[in-house]
Protein chains: 2
Amino acid sequence: MEKSVFYHAGCPVCVSAEQDIVNLIGNDKVEVVHIGEKRDRIAEAETKGVKSVPALVTPNGNVLHINFGASIADVKG
Amino acid sequence: MEKSVFYHAGCPVCVSAEQDIVNLIGNDKVEVVHIGEKRDRIAEAETKGVKSVPALVTPNGNVLHINFGASIADVKG
């Protein structure tokens with residue numbers, strides 16, 4: 001199975017959700033991307049439909065916005 | 001591992017998220033509860049901290065609100 005991608009921005013809400021998601025799905029099945037640090041991947045996240053972080057994009061392309069840490073606009077700053 | 005519990009209310013957003021979560025976590029690791037039908041479990045969800053559905057409560061008690069289908073108040077009607 002293709003990997004899911006978990007986008008986050010290092011906020012406390014993000015880190016907590018990341019630990020839960022990695023525990024639930026399995027470390028080998030999810031790529032974790034910190035778009036606050038890897039800023040060239042912000043556009044990629046937006047293209048996939050990510051409106052806020054933390055968010056999980058599933059292998060079939062669905063976007064699950066999990067809780068609410070920050071909007072993409074806030075991450076762009 | 002104890003099971004996660006996925007609370008939903010049958011809304012389109014809920015059903016879509018349910019399929020994704022069950023696919024990602026595995027059918028045997030998550031209990032799916034339709035609180036629109038099993039109304040006696042609304043209070044249980046609230047006690048766990050669920051504010052809106054769909055939501056996933058992890059085995060360690062964290063609540064992941066996934067996208068937004070309906071508030072608990074709306075489900076109560």
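The exercises below, each with a worked solution, concern a predicted model with chains A and B.

Residues are numbered from 1 along each chain as its sequence is written, while chains are lettered from A and ligands numbered from 1 in the order in which they are written. Local features need pLDDT of at least 70, side-chain atom pairs count only at pLDDT 80 or more, and totals for chains, interfaces and linings use all residues, with side-chain values resting on heavy atoms and leaving out hydrogens and water.

**Exercise 1.** Describe the secondary structure of chain A and the order of its elements.

Solution. Begin with the terms: helices (H or I, at least four residues) and strands (E, at least two) are DSSP runs, numbered from the N terminus. Chain A has three helices and four strands, and along the sequence these elements follow the pattern β-α-β-α-β-β-α.

**Exercise 2.** Compare the radius of gyration of chain A with that of a compact globule.

Solution. The radius is taken over C-alpha atoms, and the globule rule is 2.2 Å times the number of residues to the power 0.38. For 77 residues the rule gives a value near 11 Å, and chain A agrees with it because its own radius of gyration is 11 Å. As a further step, the box filled by the C-alpha atoms of chain A, taken along the principal axes, is roughly 35 × 25 × 20 Å.

**Exercise 3.** Describe the interface between chain B and chain A.

Solution. First, the contact takes 18 residues from chain B and 18 residues from chain A. Next, the buried area, meaning the accessible area (1.4 Å probe) that two parts lose on being put together, summed over both, is about 1,300 Å², of which carbon and sulfur atoms give 56%. Finally, Asp20(B), Leu24(B) and Leu64(B) supply 44% of the area that chain B buries against chain A, more than any other three residues.

Conventions:
Contact = heavy atoms within 4.5 Å.
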